[in-house]
Amino acid sequence: MPTVLSGRALAVTATATALLATALGAHTATAETAATAATADKVLVIGIDGTVLDRVKAANAPNLQGLMAQGLTAKSTLYANPMAATSSGPGWSTIATGVWPDKHGVKDNTFTGKNYTAYPDFLTRIENAKPALNTYAAADWEPLTSTDAGGPVFSAKVDKRLGLKGDRDGYGTEDPKIAAAASAELQGQNPDAAFVYFGQVDGAGHSYGAASQQYLDAIGRVDVMVGQLLAAVQNRPTYAQENWKILVTTDHGHTDAGGHGGSTIQERGTFVIAKGAGIPAGSVRSDVKLVDVAATAMAQVGVDPGTAIDGIPLNAPDDNDPFDTLRPNLQARVDDAGIPAGVKGFTHTPPAGWSIDNSKMGSGGVTEWAGWAFATDEFWSQAQRDQWRELNVRSRDVFAVADSDEWDDKSHTGSYDSTLITPKWAVTGGTTRNLTFQTHYHHEAGQTAQVLVSYNGAAPTVVKSYTADAVAKAESLTLQVPAGATDVQVRFRYAGTNNWYWTVDNVKLG
């Protein structure tokens, strides 16, 4: 059975470290397990609490920076309230379960409403799918691996769990104990999937702020421990015959002055660093989300995440979302003063084959939002905070947005009425096709949001009208293709003035 140890009872000495594997019920490394390891795919996820990517780049952190140079760096943003606070409970729950807070239920550090039974952590999913695989979790924040304070995030099904009572003074005296124990496990035993957590960077952020030298120093100290873990993996007797994927991530960001939990872009900032087969060295992506960590870890050890979680494995085939091709053409703000001047994040020019009908659109208004636009979360969510724009978590990279609320912030004539039009897609008459897309719709009386379809150029007909909020939703509409039809075209029409907004992303006809 898994064993959870308390930091209050763990004396870290050379002897204690050597005995730790026995205390945790370690598997004895045998010739048989070594032979299995020689052909096994393996994954290590390293969690560093409250870490800002830009400060990692500025710190003395050769191991983390080396992983970035040898693999992938992907920066992204979180939700905010009312979906969840930018705090550790929701953040690590999202990373571990591979689903967003509207599914796993954790909104803050009380863990009230947690739904780990329906959405377990990725190590538990691996155990359920492949019980023969060895799983391991070590952390010095109690809720991750013990029952204290609302946990555990990683369930008792995990083969071995080490839980210490971490300190939050910015110096992280428990982190070295985690590093020593996890390194011994990684090098001397046979874990197939492991999660290791360090907490002191978050402590430094709270005590000194993310802009401080102390915060950089904490990153530097954790970087040394990351190096220990990497060395432990590389010093495995069977390492040359193994296929390891290393993932590094964080649960939330920090303000320069210190603190998190709110909706600023600094607090919402997260990242994934990844190294392994199939990941190009020095690559940078903008379509990776925190939920992808669990999906990637599961896929690495041969467990298909399927549709059970929101995440997508990093090595999954590119879905070729046409909106994402617009990123090189994105512009900086024109009228919207809420968005920092240096952020490039919008365009009105659609991708090839797409079009926008603004023939009913009023004139004037805020330039960025005059009709359907294509934008990033970093750009759009900063137009106005705390109006649910931060909840658009299921859109990735560049998405389409119609925002009558922001458009109305500058004088105009007429009202907002804009239609986004897809290319014509080939269909066969008498068949059924499935229209899928990600959407985030905030409703109030006086606005209209409709999905319309037309076959062979005929007049469009409404197949979906939104009359209530559809928050961060994966939409699927069944289309009955009429006899004789050879093509279909889809329209997204949004109308209103000083109402709310509608986003659409990853539109597919399956």
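What span should the 14 residues of helix α9 (residues 175-188) cover at 1.5 Å a residue, and how far apart are its end C-alpha atoms? The helix should span 20 Å and its end C-alpha atoms are 20 Å apart, which agrees; the expected span is 1.5 Å times one less than the number of residues.

Before continuing, note that this is a predicted model, in which local features need pLDDT of at least 70, side-chain atom pairs count only at pLDDT 80 or more, and totals for chains, interfaces and linings use all residues. Residues are numbered from 1 along each chain as its sequence is written, and side-chain values use heavy atoms, with hydrogens and water left out.

Helices (H or I, at least four residues) and strands (E, at least two) are DSSP runs, numbered from the N terminus.

Next, select the open sheet of seven strands, in the order β9-β10-β13-β14-β23-β18-β21, with antiparallel pairing. Two strands pair if DSSP finds at least two bridges between them. The edge strands, β9 (331-332) and β21 (470-480), each pair on one side only.

Select strand β13 (residues 373-376): Ala373 and Ala375 on one side, and Phe374 and Thr376 on the other, are all buried. Strand β10 (residues 344-347) joins β13 over two bridges, with Phe346 opposite Ala375. Strand β14 (residues 398-403) joins β13 over four bridges, and Val401 is the bridge partner of Ala373.

Finally, select strands β18 (residues 432-442) and β23 (residues 501-509), which seven bridges join; Leu435 stands opposite Leu509.

Methods:
Buried < 20%, exposed > 50% of the residue type's maximum accessible area, 1.4 Å probe, protein only.
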